[in-house]
Every structure is written in C-alpha cells, then in structure tokens.
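Hi,

Here is the structure I promised to pass on. Have a look at it first, and then read my notes below.

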Amino acid sequence: MKDSSIPNFFEKSRKDRLNIVKDFADLSKEELEILENSCGGISFDNADKMIENAIGTFSLPLGIATNFRINDKDYLVPMVIEEPSVIAAASKAAKIAKIKGGFKVDTGESYGIGQIQVLNVDIKSAVKNINESSKKILDLANSQSTTLQKMGKGAKEVSCREVKTDSISMLIVELLIDVGDAMGANVTNSMCEAVVPLIEKLTGGKVLLRILSNYYTRRMVKATAVFDKERVGGDETVDNILLAYQFAANDVYRAVTHNKGIMNGIIAVANATGQDNRAIEAAANAYAAHSGKYRSLTEWSKDEQGNLVGKLELPLSVGIVGGITQVHPIAKICTKILGVSSANELAGILTATGLAQNFSALHALVTEGIQKGHMGLHARNLAAAAGVKPHQIDEIVKKMIHENNISLVRAKELLNEI
Ligand code: MEV
C-alpha cells in the first residue's frame, strides 16, 4: 500500500519533492518534465483557444499536501493556491486524522439538475401533460449524449415545480441527469435546450431559460474524521474548538470566515485538477444557508473518549472527464497524482481536504492564533524569493519575525548581511 506520510517533505529540494511524487504516482519522464518546465502548463496558443481576447497566461503555485488517508487509501494531494500556510495546515490535519484511520467519505448519486422555465401556462394541466410524457422528454434529452446512454447514465427523471412571484406563477421543469464522471455542465445545458420544443408543445407555454442549476443537491459528499484528543492538545483544546465551531454555527459573520477556510482546501484541489471553482463555491455557499440561516458547513463534536469528531457535508460537482480536466497538462498530471478512478473519488478528496483545512484553522485560532504560523511561512516564502539558500532560511526568518519586519526588502538586506 502507498504511504502518503513523507517526513520533512517541506524541507526537501524541489527535485527531491518531484521525485517523491513521481514514484508515488508513477509519473512518466515526460510528465515530470511538464511539471518542471512548463511554468504553469498552457501555451498562449491554448489560452487563446480557451477564452476570448487572450493576452497571456497567469500561473499560481502548485504544492503537495501529504499524509492524507481517505477511505483507507493514501493520497498525495496537489493544491494550487497563492496563500501561505494552507498546504502545511492540510498536511498537519491529515497527519493527526491518520492516527484514527484517516478520513471516511461517502458519495452517492452524480445527478446534475437542468432547469427549464415555462411561462404563460396553466400549471395544473401543464404538469399533468409533462408527467404523462416524461418518457418522451427523457428520450429526447438522452438523444443529446450517446456516450452517457451507452454507460446507462443520462437523463433519468423529469419533475415539475411551481415558482410564484409577486405577480405571476411560472412552471419550472427539471431534468435530473446522471452525468457520471463529468461535471456535466455542457450535457445538462444541451439536454435542456433540446427538449424546449416538446415542453412548449406539451404545456402550451413559452420557455424562457434553459440552463443547469449549480445547486448540486443530488451530488452530495460527506467527509468525517476523528482527531485524536492528545494530538489535538488535550480536553481543553478540544472544548475550545467546539466553542469556536459554535460561534460559526450561530453567527453569520464568523460562519463566512469559517467556510472560507474550508474553501481554501476545496478550491485549491479543484484548481489543481481543473474544476469549475465558481460552481463549487456557489453551491457550497447556498448549502451553508439551506436551513434558512447561513451556518458553518462543518459540524464538530466529541466522541465518548473525548476525541474531536469533524464532519463536512456539501453539494459538490467535479469531473474527471470533459472540461479542461483532460486538456490542461498540469490538471491532467494532478489528477494522475491523485490516482482517482471516478469523479466521486475526487469529490471525496476535495471534501476531506476542506475538513482538514477547517480543523487546522480552528486549532490555530484557539491556540497560538493564525498569524504566527502564517507569518512564519510568509517570511519563508519572502526569504526564498530573495534568494536565501535553504540552509540559511531559518536564521533569516527568525530575524524577520523578531524584528516584525517581514518584507522582501528586509529579506534581501539580511541575505547581504550574512
Ligand atoms: C484564512 O484564509 C482562513 C481562516 O480565516 C479561516 C478561519 O478563520 O476559520 C483562518
């Protein structure tokens, strides 16, 4: 079995880190070269094909979180993020979670939801006609994707909802589509558009919008983990983490920050694997308010032995086929590093990373505060950017923190002084 615990990974040279990842994920020489030399992965020509009015590309740091064990499998987790501390925090949390077996994740169905807005209808008779012709609607929708059909996936259900506004009632016809290992945005939109003439004929109404919903409540993912009481810091720290959680569960100003920390983990892995991070954020934030009150996405409690138990559940749509997942060379390699064989497996990793991130943030907040570790790492990054060699970094970082002058200018001055 592969082991994601790699002692002192952060102290190793880039070359050594790359070699560890190469061996772990069985990367080819070519893939290693892409990671080493491509400066972020895509050429201008590719960028110019992806978006309009392109003038360049924009790269971000790619790092590896270690120690992750999820459903008894070890992962090195690639994360793309500009913020210091996040990757160290994820690795640290995963290390503690591993003591009690790591993260457990549950994923269920992979249904995308497509919405068709129908106006000027008699709702009752329109709903009756839609229900009676649901097979016809599904067949028409499924004609848009022979690939999904061949896999036994595709549009599975049609349902109707009435949405009342101050002045009118509208009918919303929803297609539930099993999108398998894709994020499914394109296929969902194509299916919605394809059924418009039939829906108009059946309802006698006029269709306005036909578009996916990013609120993926039929693509839920749940991650849980137990954090060993002693490694967390004892009863008092566990209790303080629970109090910090209660703050986020009962105050929207705190909940948004708390959830932002969770998204630090989720979005960093989403970025590394080429996911639509806006869709993920939008769904997560909507779900945070599903009870009618915006709240913490995680839940924290204690088990009988006093260990800390964390749970994160949210709607999450990711894909390992389609989109840029198999086009962007680095996203492709990151997906290979994870060794995932399904979108659900990937969704589980994102969710576990979000939970890990939340644990570390709460732990730091109830103990030394967030700034110490944050500024230490920030100082390390600046020292490295100033050209400080690894064996001199500790000394220079210590001085910068002691002087409370964490800046690139000071790092350069100190480098000249030693
Ligand atoms: C910083 O990016 C994230 C935190 O603010 C999250 C939190 O407060 O829980 C540390």
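Let me start with the ring rule: rings of Phe, Tyr and Trp (its six-membered ring) pair if their centres lie within 6.5 Å, and planes under 30 degrees apart count as stacked, over 60 as edge-to-face and the rest as tilted. Before the results, a word on the source: this is a predicted model, where local features need pLDDT of at least 70 and side-chain atom pairs count only at pLDDT 80 or more, while totals for chains, interfaces and linings use all residues. Residues are numbered from 1 along each chain as its sequence is written, and side-chain values use heavy atoms, with hydrogens and water left out.

**Aromatic rings**

Searching the whole structure turns up five aromatic pairs. One of them is Phe-103 with Phe-227, an edge-to-face pair at 6.4 Å centre to centre and 75° between the planes. Phe-103 sits in the loop between H4 and E3 and Phe-227 in strand E8, so this contact ties together parts 124 residues apart in sequence. (Helices, H or I with at least four residues, and strands, E with at least two, are DSSP runs numbered from the N terminus.) Both Phe-103 and Phe-227 are buried, where buried means under 20% relative accessible area, exposed over 50% and partly exposed in between, with a 1.4 Å probe and protein chains only.

How are the rings of Phe-227 and Phe-359 arranged? Their centres are 4.2 Å apart and their planes are at 5°, so the pair is stacked. It links distant parts of the chain, with Phe-227 in strand E8 and Phe-359 in helix H15 (residues 343-366), 132 residues apart. Phe-227 and Phe-359 are both buried. Ring pairs join Phe-68, Phe-103, Phe-227, Trp-300 and Phe-359 into a cluster.

There is also a charge over a ring (NZ of Lys or CZ of Arg within 6 Å of the ring centre and within 35 degrees of the ring normal): the charged end of Lys-2 sits over Phe-24, 5.2 Å from the ring centre.

**Salt bridges**

I counted a salt bridge wherever a side-chain nitrogen of Lys or Arg is within 4 Å of a carboxyl oxygen of Asp or Glu. That rule gives 23 salt bridges.

Take Lys-98 and Asp-3, whose closest N and O atoms are 2.9 Å apart. Lys-98 belongs to helix H4 (residues 86-99) and Asp-3 to the segment before helix H1 (14-25), so the bridge ties together parts that are 95 residues apart in sequence. Lys-98 is buried at 12% relative accessibility, whereas Asp-3 is partly exposed at 44%. Asp-3 and Lys-98 also belong to a network of salt bridges with Arg-69 and Asp-74.

Lys-100 and Asp-228 form another bridge, at 3.6 Å from N to O. Here Lys-100 is in the loop between H4 and strand E3 (104-107), and Asp-228 is in the loop between strand E8 (220-227) and helix H10 (229-232), so the two tie together parts 128 residues apart in sequence. Lys-100 is partly exposed, at 40% relative accessible area, and Asp-228 is buried, at 13%.

Then there is Glu-299 with Lys-311, with 3.9 Å between the closest N and O atoms. Glu-299 is in strand E9 (residues 298-302) and Lys-311 in strand E10 (residues 308-315), so this pair ties together parts 12 residues apart in sequence. Glu-299 is partly exposed at 35%, and so is Lys-311 at 26%.

On a 1 Å grid over the protein atoms alone, a cavity is a set of points where a 1.4 Å probe fits but cannot get out, and a pocket is an open set with protein on both sides within 12 Å along at least five of seven lines; lining residues have an atom within 4 Å of a point.

How many cavities of 30 Å³ or more are there? The count comes to one. The largest cavity has a volume of about 50 Å³, a volume being the space filled by probe spheres set on grid points joined across faces, edges and corners. Its lining includes Thr-107, Glu-109, Arg-219 and Asn-344. H15 gives the most to that lining, with three residues.

The second largest pocket has a volume of about 160 Å³. Among the residues lining this pocket are Ser-145, Met-151, Lys-153, Asp-181 and Val-321.
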